[in-house]
Amino acid sequence: MEKVKIAYIKEKLKNSYDVKYREIECEIGIIYGVFIDDLCDSKFISEYIFNPLIQHKIATVDLEYIKKEVLPANSIGDINSNDEAISHILSGDLVLIFSFANKSIYCEAKGYVRRSVGIPVTENVIKGPREGFTEAFVDNVSLIRRKIKNPDLKFEPIILGSKSNTVTVICYIEGVAPKKLVEYIREKVTNIKLEFILDTSYIEEELKNKNTAFDTMGSTEKPDVVASKLLEGKIAIIVDGTPFVITAPYFFMDNFQAPDDYYSNKYFGSLSRIMRVVGFFSAILLSGLYLAIATYHFSIIPSVLAIKFTMSRADVPLPTIIELLLMTFFFQLLREAGIRLPQSIGQAMSIVGALILGDAVVGVGLASQSTVVIVALSSIFSFLVPKLYGPLSIWNIIIILFSSVLGLPGFYIGFFIFIAHMAGLESCGYPYLFPLGTLESFKFKDVLYRKDLKKISNSIFDKDDYNE
Amino acid sequence: MNKYKKILVIICIIMSCFTMSACFSYRDINRLLFVTAIIIDIDSNGSPIINAEAYKGIRGATPGGTDERILFQGKGKTMFEAIRNMNATSSYKLNFTQNKAIIFTQKAAELGLDNFIDFLDRDQNLLIRPYIAIYLGDPEKLIKINILQEKYIGFFIMHLVENVGPSSRSLKLSLNDFYNQRNMGDKTNVVTIIDIPKDNLEQRLQINGGAVIKNDKMVSIIKTEEGQGFNFLMNNVSSGTLEITNPCDINKFITLEILKSKTKTEISYDDNIVHLKKKIKVKVDFGEAQKEIILTKENINKIQEKSEENIVKACNDLFQEYKDKGIDIFDITQQFYAKYPKVKIDNIIDKTELKVEVEVDIMNTGDVNNFH
């Protein structure tokens, strides 16, 4: 065991105004207290640590006596090295260094400013729990613990980031999560070599598939969602400093599951889910299909619609493909602007957008009404699955390009490539399209529609996974 | 997949874009003129004269725009040449994928449809979906007709043919059915006849019987009145009306509305005679009575018997007429050879005896709820 030296700590933590040093004189030497003012509860330290030390007039080198009889703090531990002492100080603990003893100890005295548990902005629900994670990982752990009161629920801490020393916690239920999955995640997370971790995305990038727009790692702000995933046998990764928690593995069909599905009427929940699936595929395919039909396959357009298309495109100088890409680009611009702007300006932006997209563009003859309708419909569909917005936008353009060069055959080729791409993805070693395509263990009851909760409330993994 | 394979796949995809495009190349919908009807006539030398109507979108006062009907005429020694000549007078390429009607004049039909239909069948731009019709009058009058109900005669004919249900006397035939019929059995077709009714309040078109086409030449006409018998024999009736004399007053009529009709055909060959049995089951509703009717069981039986008698007569009369002419418009040849492929008989209809069994079922006599 290395004796902790106050000089070393002072050198390491110099030029930091918030690091406080307190010296307590006692009969046999000096006790140094080191802590960071902003991370600790000063009142707690004064009342339950410094006060008893002063009152007891320490006259013994027996630290066990001090820990057991003098300090009433709830969490006290030994420190084995200088670096460990610094780590504790930076984590919001008080470190006590005794000039008369070889050992040092730390007392937990965290007391920094935390955001209270609020409603998650990105995942609104009509019915169901409304609490969301906060930036403090200890709060997030407690939120999960409150949902699953099970001794098998494990939280394994791992410190990541050579410079940020961020606490990352792997969370799973022993016996429910497959062992090989836990080991896979543990190994991957432990081997992350980054200088700092500010958000879950730093870990996601290391774990997920490369070269794809699809997220093969889940991310949620809701403790109930994490709890349900843990009970399914999946693993959660909590990172200190972000209200988002990673869930892994994450499958394609998970994008279509919303918490509401399980808290509301199952028939309506199933209908909503089917609408989301239809919405996703419509958003990806509609523009390409329109382009293929309106520029190659006029024979399959109903006559009345063909006349309308012709009328609305009369005198539009741009080819349909350019018109379609231009309108899609306008929409992306509006969306991007709408997200970054404050809500009050956002409304004005929507009006300008609606006027530009809906009226002025058609008025000046840059686009036809039919194209505006297709792009608008495609955009509305895309809002049904916000989690898939990224891949949806990219693949929509790819399929438009395929359709523009080959018509419907191009559209089909684009669609097959899209499906093949998804089928080739993996999440933590599991196929991304699971359970689709895994015929032997096809668990359809919670894919396109939601069955009775008692029938779907079990692990999604095969028994074979546990035996490996 | 390694880098070189990826590049190879991308090159293949780009090459396929150019090689697979073929005749289906990118074309904006507003840079085409969509033909909705073609009228095929002939000149004194028998060369085709094509009249066509097409629509074009134009930018009007509203962003939605408006459409314009444009007429074309092309002449040539062949159909293809005539169409090419017609295209030469158009600012945009003529597209036939929205064509709804192919109309032959009587002159062209009598000369022989085989002079024209090879192009209609062979050209990729032309579909088998349109309806085929024969027009008995002046083609110029037809192409210039101004129908208030519908701007385009192609669409009007399509709707007209699809609306033949209300009349069990109308005949309809699509180009696809025409192609099939001209190669099957006796190679006889009955093609819809359209004309412009003389005594109508405004200009429009009507279906007026059917033209009998044998070996691609028009040989006879089935009048509208005879159409019902033909449709019953050919199992083409889905709705319509039956008018019979009122059992309570022989100078007045009652109308039965056809709800459903099914004709089953049985064919047998015995003693050098082909026995053709048609079992017709008709379900009707009581539609209307002139003056009055007392719906007793006896009167209902009389109505049933009379309506059955009328159908049998209509069928027998038409059959006899075409048996005398020796033209098999009833697909007897086709049905006979399907059952007896090894028996060879010349002109089967001559040796055919028709037996029609009709069963009319009055489903509902209806209630009159209010006299005022």
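This is a short tour of a predicted model, one selection at a time.

**Stop 1: chain A as a whole**

Select chain A and colour by secondary structure. Chain A has 18 helices and 12 strands. Its radius of gyration is 29 Å, well over the 23 Å that the globule rule gives for 468 residues, so chain A is more spread out than a compact globule.

**Stop 2: the domains of chain A**

Colour chain A by domain. The domain assignment gives domain 1 as 6–108, domain 2 as 137–250 and domain 3 as 262–427. Keep domain 2 and domain 3 of chain A on screen. Their C-alpha centres lie 35 Å apart. Where they touch, domain 2 of chain A supplies nine residues and domain 3 of chain A supplies seven. Which classes make up the domain 2 side of this contact? On that side, six residues are nonpolar, three are polar and none is charged.

**Stop 3: where the chains meet**

Show both chains. Here 25 residues of chain B are in contact with 26 residues of chain A. Next, select strand 2 (48–58) and strand 3 (66–75) of chain B. Each supplies at least two residues of the side of chain B that touches chain A. Strand 2 of chain B gives the most to that side, with three residues. Colour the side of chain B that touches chain A by class: 11 residues are nonpolar, nine are polar and five are charged.

**Stop 4**

Strand 8 (residues 206–214) and strand 9 (residues 217–222) of chain B run antiparallel, joined by five bridges. Find B:V212. Which residue is its bridge partner in strand 9 of chain B? That partner is B:S220.

**Stop 5: two crossing helices in chain B**

Select helix 8 (residues 224–233) and helix 9 (residues 297–325) of chain B. Their axes come within 8 Å and cross at roughly 95 degrees. Angles of 65 to 115 degrees count as roughly perpendicular, and helix 8 and helix 9 of chain B are therefore roughly perpendicular to each other. Show side chains at the contact. Helix 8 of chain B brings residues including B:F230, B:F232 and B:L233. Helix 9 of chain B meets them with residues including B:I311, B:A314 and B:L318. By class, the contact has seven nonpolar, two polar and two charged residues.

How values were computed:
Residues numbered from 1 in each chain as written. Chains lettered and ligands numbered in written order. Predicted model: local features only at pLDDT ≥ 70, side-chain atom pairs only at ≥ 80, totals over all residues. Contact = placed C-beta atoms within 7 Å. Helix = DSSP H or I, 4+ residues; strand = E, 2+ residues; numbered from the N terminus. Nonpolar A, V, L, I, M, F, W, Y, C, P; charged D, E, K, R; others polar. Domains from an automatic or database assignment. Axes fitted to C-alpha atoms, helices over the stretch in contact; angles between N-to-C directions. Parallel < 35°, antiparallel > 145°, perpendicular 65-115°, else oblique. Pairing = 2+ DSSP bridges. Rg over C-alpha atoms; globule rule 2.2 N^0.38 Å.
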